[in-house]
Amino acid sequence: MSLIGSLNTALSGLQTMQAALQTVSNNIANVNTEGYTRKVSQPQTLVVAGQAVGVELAAVQRTVDEQLLRQIRDHIAKLTGQQVQSGILDQTQNLFGSLADNSSVSHGLTEFGSAIEAMANAPESVVARNGVVDTARRLADQLNFMTDNLQRMRASTDREIAASIDRINGLLPDIDDVNVEIASGLAIGRPVGDLRDRRDLLIDQLAAEIDIHYFERTSGEVVITTSSGRTLLDSLPTNLGFTPSAQVAAGATLQNGLAGITYGTAGLDITGEIRSGRLDGLLTLRDETLVDLQAEIDRLAEALRDGINALHNDGTAFPAPGSLTGSRSVAATDAPAFGGNFRVAVVDAAGLVVEALDIDLTALAPPNVGQLVAQINAMANASASINANGQLVLTAAGGNGIAVNESDSAVATGNTTQGLAHFLGLNDLFVSGSDFDVYQSDRSASATAVLGLAGSLDFSVAGATTSVAYAAGDSLTDIATAINAALGGANIAATVVNEGSGFRLEIRDGDGDNFFLSDTGTLSGQLNLRAGQAGTAGLLEVRPAVLADPNLVARGELSSAVTLAVGDIAISAGDGSIARAMADAFTTDRSFAAAGGLPVSVTTLAGYAANILSLNAANASVLGDEIAFGESFAIALETQSAAISQVNLDEELAQLVVLQNAYAASARLTTTISELLDLLIEIV
């Protein structure tokens, strides 16, 4: 080899060592830079015509385990979603309280039951009546407060979903920009390791928001999809869409007041395809966790309202009030399925009978509210009317009082049968603003699964009956379609609502008019189809008239003697029979249908409230344990990755010594060859 060739070889060594020194220098300088990975220079022999003529830098490579990196991102996505949920569950823990907490709803129910017990023991006590109304108000306020806060949490979560979508849509173009730089660098042979570091940081942020899969093309560009296969980035980014709600009501669910996540310009809904990441955690909270909690406290509120009102409507205050006004709106043409007998009595201040009337509801002709009004109006000392708000009003004449006894009256609507006074809300203690214009069912696991039931739903609308048949092969969706086809002209619409982890049937009159359901089969019983809508706990309140005058609280019962003649004792001041029955309602087990995350159960009102608290606490505890394990596992994965990719100063300093010696040797070789060339020139 010539001296010039040797000189070129030595110079190639100098240049290669200089580049390697630059790489080590960058490693040391970025030892604390987030996302920076250790770079390693890869020298290779420079070969010309089959002969080694020096050395050259083949590449500067990152020290990264890509499979481990994918595992970390998948795990962090899951962990991030869990952490989001844990934060909200901690808030619900504070909201619901603990079983030993005097501010818990379970304690509120116990306190209310104790107040009624005190009134049952002293029915003439004004203090006891005031205590009942005060504890009832506080209990209703507590249920209202819980509902308001649950919906505020859902609204906040809805806004966080919008923020997450904005972050995703912002990260995709940034990754695309780095893709372009990497592809350009590789095309001209420029090192792109630092660009890949920058892209990895962006992909890490994206993976925390939504579950992704990705791969790198030979051009160096990365292609990103959702775990379900929807392309998010391939040459160009594809945006996700979401419209946050201005406000969130208790009855709002996915696609029923709340928006889903849409994909691309076509707006395809992919909400159900999102499986992990912050976005999945937020959707789970908004559409499942918090919805389940609302369903559970709604079930409690319904049981409290209906259980107490059924008894309170069968009772009376002493002295009897001069009038009774229903809490529900009705029309004269309303014709539910009436049955049994109902007693109305006008009594004087001493509780003696002035006039009494027993009404056979099965004999009403026509069998509607208007005929009921006509029957009462036939009394000499009482009148009935429907006021401007559609409420039935019973009024005693001559300064007397009016009282009712449910007897064996029964009014069937859907899966609910109530006494007539309860149906009309003539003497409610609790009200929730519900009439008979909306019906809802409990949840079913599927909207399209065959129910295996046969029969017909008979709808009474303004006195006219329309039958909707259902067959054994029908699903919830099929039944909703049949109802819409039959009753669309009456502006009654059925919807299958996706609520939490299931589906429920909702039937609504668009005009707000009452309609009534009866069933020749078992569908209404199987679905628990009943009047009302989601959010009962947020609407519950003590009837304003009772709140203003606690003396209206029912304690005793209108006499149920076979005959009730003028001058007979109808009610008495010391009668606490209804108060006793209401007190017993708090210690008697009752059946609760499945709601939210709670299965069918048989327990007391306070026991059911305790079950809600226990389930919420258990869910929070399980999630906390999963997060603790997940965080430990994440640290282990990140430590393993760091051992591969992070800069180790000791190793870099050792490498620096090696490169320094190699550089010095190449420099010495260059000097020696230079001296030989000088000597050669002198000889020549």
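Which elements each supply at least two residues of the lining of the largest cavity? I began my notes with this, and I found H6, strand S12 (323-329) and strand S21 (430-431). Helices (H or I, at least four residues) and strands (E, at least two) are DSSP runs, numbered from the N terminus.

Entry on the model. I worked from a predicted model, where local features need pLDDT of at least 70, side-chain atom pairs count only at pLDDT 80 or more, and totals for chains, interfaces and linings use all residues. Residues are numbered from 1 along each chain as its sequence is written, and side-chain values use heavy atoms, with hydrogens and water left out.

Entry on cavities. On a 1 Å grid over the protein atoms alone, a cavity is a set of points where a 1.4 Å probe fits but cannot get out, and a pocket is an open set with protein on both sides within 12 Å along at least five of seven lines; lining residues have an atom within 4 Å of a point. Grid points are joined across faces, edges and corners, and a volume is the space filled by probe spheres set on the points. I counted four cavities of 30 Å³ or more. The largest cavity holds about 100 Å³ of space. Its lining includes Arg305, Asp306, Asn309, His422 and Phe430. H6 gives the most to this lining, with three residues. I sorted the lining of the largest cavity into two nonpolar, six polar and four charged residues. Here Ala, Val, Leu, Ile, Met, Phe, Trp, Tyr, Cys and Pro count as nonpolar, Asp, Glu, Lys and Arg as charged, and the others, Gly among them, as polar.

Entry on the second largest pocket. I noted a volume of about 510 Å³ for the second largest pocket. Of its 21 lining residues, Glu302, Asp306, Thr416, Asn528 and Arg530 lie nearest its centre. H6 (277-312) is among the elements that give two or more residues to this lining, and H6 gives the most, with six. By class, the lining of the second largest pocket has five nonpolar, nine polar and seven charged residues.

Entry on the largest pocket. I read a volume of about 640 Å³ for the largest pocket. It is lined by 29 residues, and the closest to its centre are Gly35, Leu69, Asp204, Ser641 and Ser645. Helix H2 (66-96), helix H5 (193-209) and helix H14 (605-645) each supply at least two residues of this lining. I sorted the lining of the largest pocket into 14 nonpolar, eight polar and seven charged residues.
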